Amino acid sequence: MNQQYSESAAILEHNRRFIPGGVVSINRAVRPEIVFVRGDGAYVWDADGNRYIDYHAAFGPHFLGHNDPYVTEAVIGAIRDGQSLFGSGTTVHEGRLAELLCEHVPAAESVQLLNTGSEATYQAIRLARAVTGRDHVINIQGGYNGWHNDVSNNLMTPLEQLGPRRSPGEYPYYPISAGVPEDHQRLIHSVNFNDLASVEYVCERYPVSSLITEPILQNVGIVHPQPGYLSGLRDLADKYKFLLIFDEVKTGFRHSVGGCSKLFGVLPDLAVFGKAIANGYPMAALGGKKEYMDWFADPDLKRRVLLAGTYNSHPAPTVAAIATIERLLMNGGEVYERVDRLGDRMQTGMEAIVRELDVEATVARQGSAFCLYFMDHCPRDWHDLAEHHLFDLDNRMRRALIDRGIYPFPVATKQWSISVAHTEADIDLTLEQIAATLSELEGLPIRALAAEDDSPRQEQAPGKVTAHRLASMRR
Ligand SMILES: Cc1ncc(COP(=O)(O)O)c(C=O)c1O
């Protein structure tokens with residue numbers, strides 16, 4: 001068991017002298033305060049020499065695993081080749097990447113390349129405002145689309161703040177950042193995922209330019225779109241003439257090269273990609289219908305939408321993205337079958353463990369991404385989660401697993417990500433540690449025997465899942 005984090009503590013103490021909080025990007029400031037120093041495939045190592053099987057994947061990008069050799073070689077090769085940031089004119093590599101995207105992503109007739117998901121969602125919304133001549137934006141309670149003013153709101157809003165379910169209706173604006181001007185806040189409307197009536201409610205009251213949503217709500221685990229939800233959004237976009245933006249920063253390339261528009265057969269007007277597109281390098285793409293994308297190069301300066309950046313399509317991430325996509329496409333996309341098999345092994349194993357322990361819990365999964373919820377059903381939206389999931393238990397489980405060498409991000413409801421580099425042995429070891437952890441945790445909810453039972457959930461004392469029982473569960 002890993003319990004030694006003293007070197008990490010020393011590094012953090014040093015960094016606190018120069019960086020607010022000691023860590024850049026506040027989302028990385030979590031407990032335990034571990035400093036990672038190396039990553040290879042499915043594993044990461046910390047400054048104290050502890051090894052972890054990684055399910056965080058740096059918030060998702062490492063779909064091929066850390067430092068995938070094919071991607072690394074492509075980047076090193078490009079740099080050795082004299083590739084540099086030229087800052088003038090187009091490049092062969094950006095043309096190749098754009099071509100690959102337009103060929104394989106149904107939502108992309110034409111693309112722009114950026115460095116981060118936030119930049120891409122910012123530009124998508126700006127483009128939608130320019131095209132529609134309207135300013136209001138709908139986003140989703142429980143979704144995350146980046147750090148900028150249009151989307152810094154209503155993420156994991158606590159139940160006390162949410163109040164009663166609002167449908168049809170909208171939630172008050174709950175900022176996740178200081179400094180968003182009040183005038184800007186009133187342009188943003190937050191509604192539940194899977195709630196078409198609330199989208200219509202907002203559209204009837206405000207001139208809406210766009211709705212931005214993750215097609216699978218993956219910033220709070222795995223919340224699937226219900227049948228008809230995404231196509232219903234498409235219909236509402238057509239009816240109210242707003243642009244439908246799929247934020248595929250988390251879903252894109254992890255579930256399929258074509259993104260969710262391919263998986264679910266619904267075409268947005270614009271789609272945004274990042275993370276797994278370049279397996280850990282800072283690359284993002286914004287694609288969409290050509291008639292809209294052309295606004296980025298409109299000869300009329302009054303219509304042109306400014307998209308500019310010194311580092312856009314830097315050769316290292318561009319080459320990394322090309323190599324990543326090539327690798328994903330190899331042998332008919334067999335990597336997706338591989339991670340789905342591993343995901344299924346994990347889900348089946350987890351379900352067997354919670355059944356054996358009589359724990360009220362549900363596994364939600366899409367291919368390589370999954371989440372264990374301590375509730376009796378897969379969530380339909382953030383409000384459902386906030387109402388039913390046992391957050392404290394989830395946090396304690398994650399913390400205990402980290403001490404045992406398994407690294408899910410240590411925040412309740414965050415997605416677990418399997419990579420192509422994980423093996424069946426990694427999954428089995430993880431399941432053993434999950435079984436051991438749950439056996440020891442206090443306060444597990446007992447599965448209700450009757451289907452409808454309004455009585456408060458009981459808690460159970462720790463019980464043991466023996467190695468023998470675990471092995472028989474897996475058979
Ligand atoms: C769905 C989604 N959109 C946008 C972003 C922002 O991307 P970035 O952190 O690269 O700016 C994230 C980041 O987690 C995300 O999960």
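Me: A residue is near a molecule if its C-beta atom, placed from the backbone, lies within 6 Å of it. What residues surround the ligand, and which are the closest?

Reply: In this predicted model, 14 residues surround the ligand, and the closest are T116, G117, S118, G146 and V249. Helix α4 (residues 117-132) gives the largest share of this shell, 3 residues. Sorted by class, the shell holds 3 nonpolar, 8 polar and 3 charged residues.

Me: Why is V191 called buried?

Reply: A residue counts as buried when 20 or more other C-beta atoms lie within 10 Å of its own. V191 has 27 C-beta neighbours inside 10 Å, and therefore V191 counts as buried. V191 lies in strand β6 (residues 188-191), and, leaving aside neighbours within four places in sequence, V191 is in contact with I138, I140, Q141, E170, S198, V199 and V202. R166 is 25 residues from V191 in sequence, while the two are 8.0 Å apart in space, C-alpha to C-alpha.

Me: How do you know that V354 is buried?

Reply: The cut-off is again 20 or more other C-beta atoms within 10 Å, and V354, with 22 of them, is therefore buried. V354 belongs to helix α11; leaving aside its neighbours within four places in sequence, V354 is in contact with V359 and A361. V354 and L372 are separated by 18 residues in sequence and by 9.9 Å between their C-alpha atoms.

Me: What makes a set of residues a nonpolar core, and which members of the largest one touch the most other members?

Reply: Members must be buried residues of the listed nonpolar types, joined through C-beta atoms within 7 Å. The largest such core has 116 residues, of which A124, L211, I245, L270, V272 and A285 touch the most other members. Helix α11 (residues 315-356) gives the most to this core, with 14 residues. The core also draws at least three residues from each of domain 1 (6-66 + 333-474) and domain 2 (69-326). L211, leaving aside neighbours within four places in sequence, is in contact with I138, V199, L233, A237, F242, L244 and I245. In soluble globular proteins, nonpolar side chains tend to be buried together.

Me: Why is the protein chain said to be as compact as a globular protein of that length?

Reply: The secondary structure of the chain comes to 15 helices and 16 strands. Its radius of gyration is 23 Å, close to the 23 Å that the globule rule gives for 475 residues, so the chain is as compact as a globular protein of that length. Along its principal axes the C-alpha trace spans about 70 × 55 × 50 Å, and buried residues make up 47% of the 475 residues. Among contacts with a separation of 6 or more, 73% join residues 24 or more positions apart.

Me: How many residues of domain 1 are in contact with domain 2, and what is the class of the residues on that side of domain 1?

Reply: Two residues are in contact if their C-beta atoms lie within 7 Å, and by that criterion 28 residues of domain 1 are in contact with 30 residues of domain 2. On the side of domain 1 that touches domain 2, α11, β11 (362-366), β12 (369-373) and α12 (382-388) each supply at least two residues, with the largest share, 5 residues, coming from α12. By class, that side has 15 nonpolar, 9 polar and 4 charged residues. The centres of the two domains, taken over C-alpha atoms, are separated by 27 Å.

Key
Residues are numbered from 1 along each chain as its sequence is written. This is a predicted model: local features need pLDDT of at least 70, side-chain atom pairs count only at pLDDT 80 or more; totals for chains, interfaces and linings use all residues. A residue is buried if 20 or more other C-beta atoms lie within 10 Å of its own, exposed if 12 or fewer, and partly exposed in between; C-beta atoms are placed from the backbone. Helices (H or I, at least four residues) and strands (E, at least two) are DSSP runs, numbered from the N terminus. Domain bounds come from an automatic or database domain assignment. Ala, Val, Leu, Ile, Met, Phe, Trp, Tyr, Cys and Pro count as nonpolar, Asp, Glu, Lys and Arg as charged, and the others, Gly among them, as polar. The radius of gyration is taken over C-alpha atoms; the globule rule is 2.2 Å times the number of residues to the power 0.38.
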